[in-house]
Amino acid sequence: MPPTLASLVQHSALKLTVRAGEDRLETPVRWAHVSELADPVPYMEGGELLLVTAMTLDAEDREAMRRYVRRLVGAGVVGLGFAVGVYYEDIPEALVEAAGQEGLPLLEVPRRTPFLAISKAVSAAIAADQYRAVTAGFEVQRELTRAALTEGPGAVVARLAAHIDGWAALYDTSGAVVAAAPDWASRRAARLTADVERMRERAAPASAVVGGTEDDDRVELQSLGTGRRVRGALAVGTEAPLGTAERYAVHSAVALLTLATEQSRSLQAAEQRLGAAVLRMLLSGQPDHARAVAGDLYGGLLDAPFRLLIAETAGDPDTGAGDRPAALSAFAESVESAAGRAGETFLAVPDGTDDGRTVLLAVDGGAVAAACLAAYGDKDADEAAVYIGLSAPTGPTAAAGAYKQAEQALSVARRRGRALVEHEELAAGSIVPLLGDDAVRAFADGMLRALHEHDATGRGDLVASLRAWLSRHGQWDAAAADLGVHRHTLRYRMRRVEEILGRSLDDPDARMELWLALKATGEPQRSP
């Protein structure tokens with residue numbers, strides 16, 4: 001269970017006292033937030049315990065407190081913690097009265113209890129609750145996996161229904177009920193046929209929520225299928241929205257049932273779908289579960305360092321330039337040929353999009369990775385008709401990071417017109433060449449335009465002064481010496497830069513963006 005106001009009041013170290021709203025202490029707390037603003041509502045998301053010292057509030061004004069509390073309640077704030085002994089020795093009666101009228105729990109925070117202690121208590125309770133949910137979710141994933149491997153889809157549905165304390169049903173492509181649990185759920189599931197049929201008209205993955213009224217349960221529909229086509233659906237019905245652990249179980253069941261509904265297709269297609277499920281689990285941080293699902297088919301690959309590769313066709317889909325399907329087929333054939341000769345396992349997952357994109361896992365230093373580098377490493381994209389991004393060597397626990405590396409390398413391959421780019425090239429190089437992108441230059445020109453317009457009037461040299469100051473890390477004497485001006489002159493120019501741009505040079509983000517803009521536009525350093 002997430003932390004509640006009651007659990008915080010019962011926390012022996014916090015010494016909190018309830019002054020109003022005693023009947024609403026079981027409300028869950030999403031976060032503890034400190035704000036001394038007279039109106040903190042724009043910064044609230046709902047579910048917060050707001051902590052104040054009333055530094056900016058007239059807490060003895062009854063009308064002001066009524067307006068203040070009413071706005072907090074309207075924003076979804078679940079409680080107000082008031083520190084006594086700071087600006088007020090006791091909580092003013094005007095605030096106590098307003099909180100009582102609006103039903104907002106009001107907690108007295110003694111001076112010896114810092115707000116940080118309350119925030120830590122809330123954070124620790126939330127973390128513990130999430131850990132329990134994740135642990136329970138992984139245990140259910142293992143149970144569902146065993147059921148899928150030994151008993152089939154019906155057992156997965158039955159175990160899922162028991163875990164979510166509700167019911168579950170599996171539908172085939174036509175919308176007919178294939179399995180339901182408990183037994184009484186078959187009739188309830190049959191009433192959703194029309195909703196399942198509507199889902200078939202949407203590209204997978206798709207989901208929908210139906211019901212949820214006082215007279216009906218809440219049902220979530222999840223499509224099954226690894227491609228754009230919906231090949232079945234899973235329905236789960238509960239009285240309340242799913243919790244974290246229950247949602248883990250549903251996602252695992254969707255992955256497992258997706259595999260089961262595809263068994264009638266060819267062996268190659270089945271292996272691709274299994275690979276897609278393994279890849280999703282790897283990318284979502286579930287390496288142990290990925291190994292369990294992969295079994296002997298891909299298990300050896302996941303036990304060794306591997307590299308993740310993303311390939312897509314380089315032809316223009318609008319103009320027809322490039323033989324897009326043939327280019328990706330040639331890539332797949334070269335990979336399969338290399339793996340076959342070496343007796344090496346690899347995982348290739350076509351994503352099914354019109355762009356013709358494939359994700360591939362291959363053993364680091366193996367035949368497949370070597371074949372890709374040999375066939376495409378020195379080619380340009382026009383010649384090869386494909387773009388390929390290759391990650392650094394990695395393992396199952398860091399697969400998500402490897403995927404990002406491959407995407408970054410793929411993006412650079414597109415910009416440079418190269419067939420294959422390794423992420424290690426980017427890590428070993430400089431960021432400056434990446435600033436040559438047209439979009440980056442356009443951003444840089446826009447950022448510096450006002451300074452150039454100022455300099456064009458002959459009233460100073462702000463661009464050169466800014467560059468010198470940034471290159472000297474804000475050291476006034478050194479930058480002024482580079483420019484040949486007095487440091488007071490340079491200080492004046494930097495104030496003018498701030499006024500013109502409307503940004504403070506004390507902001508590290510502003511300094512970084514301005515420096516990159518100067519590098520992107522190739523601004524030289526000039527003397528005045």
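1. Five strands form an open sheet in the order 7-6-10-9-8, with antiparallel pairing. Here two strands pair if DSSP finds at least two bridges between them. Helices (H or I, at least four residues) and strands (E, at least two) are DSSP runs, numbered from the N terminus. Strand 7 (177–181) and strand 8 (207–211) are the edge strands, and each pairs on one side only. Neighbouring strands of this sheet are turned by 15° against each other on average, direction ignored. Axes are lines fitted to C-alpha atoms, for helices over the stretch in contact, and angles run from 0 to 180 degrees between N-to-C directions.

2. Basis of the note. This is a predicted model: local features need pLDDT of at least 70, side-chain atom pairs count only at pLDDT 80 or more, and totals for chains, interfaces and linings use all residues. Residues are numbered from 1 along each chain as its sequence is written, and side-chain values use heavy atoms, with hydrogens and water left out.

3. Strands 6 and 10. Strand 6 (residues 167–171) pairs with strand 10 (residues 232–238) in the antiparallel sense, over 5 bridges. Trp-167 has Gly-237 in strand 10 as its bridge partner.

4. Helices on this sheet. Helix 7 (residues 193–200) packs on the sheet and touches strand 6, strand 8, strand 9 (218–224) and strand 10. The direction of helix 7 makes about 40° with that of strand 9. Helix 5 (residues 153–164) lies across strand 6, strand 7 and strand 10. Helix 5 runs at about 150° to strand 6. Contact means heavy atoms within 4.5 Å.

5. An open sheet of 5 strands has the order 1-5-4-3-2, and its pairing is mixed. Strand 1 (17–20) and strand 2 (31–34) stand at the edges with a single partner strand each, so one side of each has no neighbour in the sheet. Strand 1 and strand 5 (residues 106–109) pair in the antiparallel sense over 3 bridges. Val-18 stands opposite Leu-107 in strand 5. Strand 3 (residues 48–52) and strand 4, by contrast, pair in the parallel sense over 4 bridges. Leu-51 stands opposite Gly-81 in strand 4.

6. Strand 4 and its cover. In a regular strand the side chains alternate between the two faces of the sheet. Both faces of strand 4 are covered: Gly-79, Gly-81 and Ala-83 are buried on one side, Leu-80 and Phe-82 on the other. With 5 of its 5 residues buried, strand 4 is therefore largely enclosed by the rest of the structure. Buried means under 20% relative accessible area, exposed over 50%, partly exposed in between (1.4 Å probe, protein chains only). Helix 3 (residues 93–102) lies across strand 1, strand 4 (79–83) and strand 5, at about 75° to strand 1.

7. Aromatic pairs. The structure holds 2 aromatic pairs. The ring centres of Phe-82 and Tyr-88 are 6.0 Å apart and their planes lie at 55°, so this pair is tilted. Rings of Phe, Tyr and Trp (its six-membered ring) pair if their centres lie within 6.5 Å; planes under 30 degrees apart count as stacked, over 60 as edge-to-face and the rest as tilted. Phe-82 is buried at 1% relative accessible area, and Tyr-88 is buried at 16%. The ring centres of Trp-469 and Trp-476 are 5.5 Å apart with planes at 40°, so this pair is tilted. Trp-469 counts as buried at 8%, whereas Trp-476 is partly exposed at 22%.

8. Helices 17 and 19. The axes of helix 17 (residues 462–471) and helix 19 (residues 487–501) come within 10 Å and cross at roughly 105°. The two helices, helix 17 and helix 19, are therefore roughly perpendicular. Angles under 35 degrees count as roughly parallel, over 145 as roughly antiparallel, 65 to 115 as roughly perpendicular and the rest as oblique. Leu-462, Ser-465, Leu-466 and Trp-469 in helix 17 meet residues of helix 19, including Leu-490, Met-494 and Val-497. Helix 17 is mostly covered, with 9 of its 10 residues buried. Just after helix 17, His-473 takes a positive phi of about 55°.

9. Whole chain. The chain has 20 helices and 15 strands. Of its 528 residues, 45% count as buried. Among contacts between residues at least 6 apart in sequence, 62% join residues at least 24 apart.
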